[in-house]
Amino acid sequence: MATMKDVAKLANVSVTTVSHVINETRYVSPELTERVNEAIEELNYHPDPIAQGLSKGKSQTIALVVSDIINPFFPQVARGVEDRVRENEFSLILTNTDENPGQEKHNLSLLQSKRVDGFIISPTSQGHTNLKTLLEDGFPVVCIDRKLPDIEVDQVYSDNESGAYRATEHLIELGHRNIGIILEFTDISSFADRLKGYKSALKDHGINPSEEYIRKSGLEVEGAFASTESLLNDHPEVTAIFSTNDLMTEGVLRAFKKENIKCPEEIALVGFDDPEWAASFNPSITSVSQQPYEMGYQATRLLFKKIRGEDSGCDCKKIELNTELKIRESSVSQ
């Protein structure tokens with residue numbers, strides 16, 4: 001591969017002159033600029049963007065920090081981020097926190113040492129402290145998926161409350177009154193809003209929400225499986241379940257399979273998130289669909305405005321994306 005020295009030799013100029021032409025850091029006469037550009041084209045020379053960035057104290061790199069990339073929601077977010085990053089000729093680093101604030105703090109510190117130019121973060125339930133440190137150090141930051149009402153930072157998230165309301169109301173309109181919910185056990189805002197929407201729909205239809213029907217688990221299939229079994233064993237009168245993310249929906253379905261429960265004939269199911277397998281599963285799964293790709297893409301758009309100094313004001317942007325209830329077989333017999 002050609003080097004900057006090769007370009008300088010062919011153009012009969014100094015390496016410093018080549019650097020100034022490439023990086024536009026100092027005036028170079030039109031004649032010398034033309035010679036350098038002709039040499040670059042002839043040698044098919046490509047400047048190293050990382051080296052260019054580091055010379056300016058930048059890395060041309062964006063960090064995406066999520067809870068767990070295994071969750072089918074986040075690969076779609078990551079694709080939206082990557083497409084926008086690629087349009088801007090940056091690179092992307094992805095890291096997981098496992099919903100652990102200590103791991104989150106470690107990851108952010110490491111990424112700071114790599115001189116990343118900005119962060120897109122799905123924060124842990126206690127992540128506001130870690131984010132404050134980034135913001136105080138002057139790093140551009142955009143939060144996704146979870147609300148952080150006490151921090152002045154750009155945010156992109158879904159309308160979780162209304163999505164959960166529509167999911168629960170759909171079950172009520174089908175005649176269900178004993179509706180269980182499988183919920184994440186942390187204080188993450190997206191799940192808190194889904195619980196709020198669930199309770200509001202019940203109350204608005206004259207149903208007193210039962211705390212016994214609210215079962216909490218970790219963000220994994222096994223936890224949702226155990227919570228579903230516990231709910232159904234303790235309350236056989238439950239005729240419908242609202243599952244608040246796609247991993248939990250998998251756990252509910254495993255419990256149905258183990259107990260030979262027919263869905264929706266015996267127990268109806270509505271999930272939150274709409275993974276690709278939901279429409280092709282048997283029965284197909286009624287789901288509240290989010291816009292994960294758009295979430296990632298819009299968050300990255302906001303981040304680049306900050307990186308380029310186009311949005312230096314203190315008026316932080318908050319983008320709430322609509323959700324959509326997609327009715328399928330798991331709630332309505334076909």
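User: Which residues does H170 touch, not counting residues up to four places away in sequence?

Analyst: Start with the term. Contact means heavy atoms within 4.5 Å. By that rule, H170 touches V270, T286, L325, I327, S331 and V332. A note on the source: this is a predicted model, where local features need pLDDT of at least 70, side-chain atom pairs count only at pLDDT 80 or more, and totals for chains, interfaces and linings use all residues. Residues are numbered from 1 along each chain as its sequence is written, and side-chain values use heavy atoms, with hydrogens and water left out.

User: Is H170 buried or exposed?

Analyst: Buried means under 20% relative accessible area, exposed over 50%, and partly exposed in between (1.4 Å probe, protein chains only). H170 counts as buried because its relative accessibility is 7%.

User: Which helix does H170 lie in?

Analyst: Helices (H or I, at least four residues) and strands (E, at least two) are DSSP runs, numbered from the N terminus. H170 lies in helix α8, residues 160–173.

User: What is the strand order in the open sheet with parallel pairing?

Analyst: Two strands pair if DSSP finds at least two bridges between them. Here six strands run in the order β2-β1-β3-β4-β5-β11. The edge strands are β2 (91–96) and β11 (318–321), and each pairs on one side only.

User: Which strands does helix α5 touch, and at what angle does it run to β2?

Analyst: Axes are lines fitted to C-alpha atoms, for helices over the stretch in contact; angles run from 0 to 180 degrees between N-to-C directions. Helix α5 (residues 73–87) packs on the sheet and touches β1, β2, β3 and β4 (141–144). Its direction makes about 160 degrees with that of β2. Helix α7 (residues 128–136) lies across β3 and β4, at about 155 degrees to β4.

User: Which strands make up the open sheet with mixed pairing?

Analyst: Six strands, in the order β7-β6-β8-β9-β10-β12. The edges are β7 (214–217) and β12 (324–326), each pairing on one side only. Neighbouring strands of this sheet are turned by 20 degrees against each other on average, direction ignored.

User: How many bridges join β8 to β9?

Analyst: Four, between β8 (residues 240–243) and β9 (residues 268–272), which run parallel. A240 stands opposite A268 in β9. Helix α11 (residues 246–258) packs on the sheet, touching β6, β7, β8 and β9. The direction of α11 makes about 160 degrees with that of β9.
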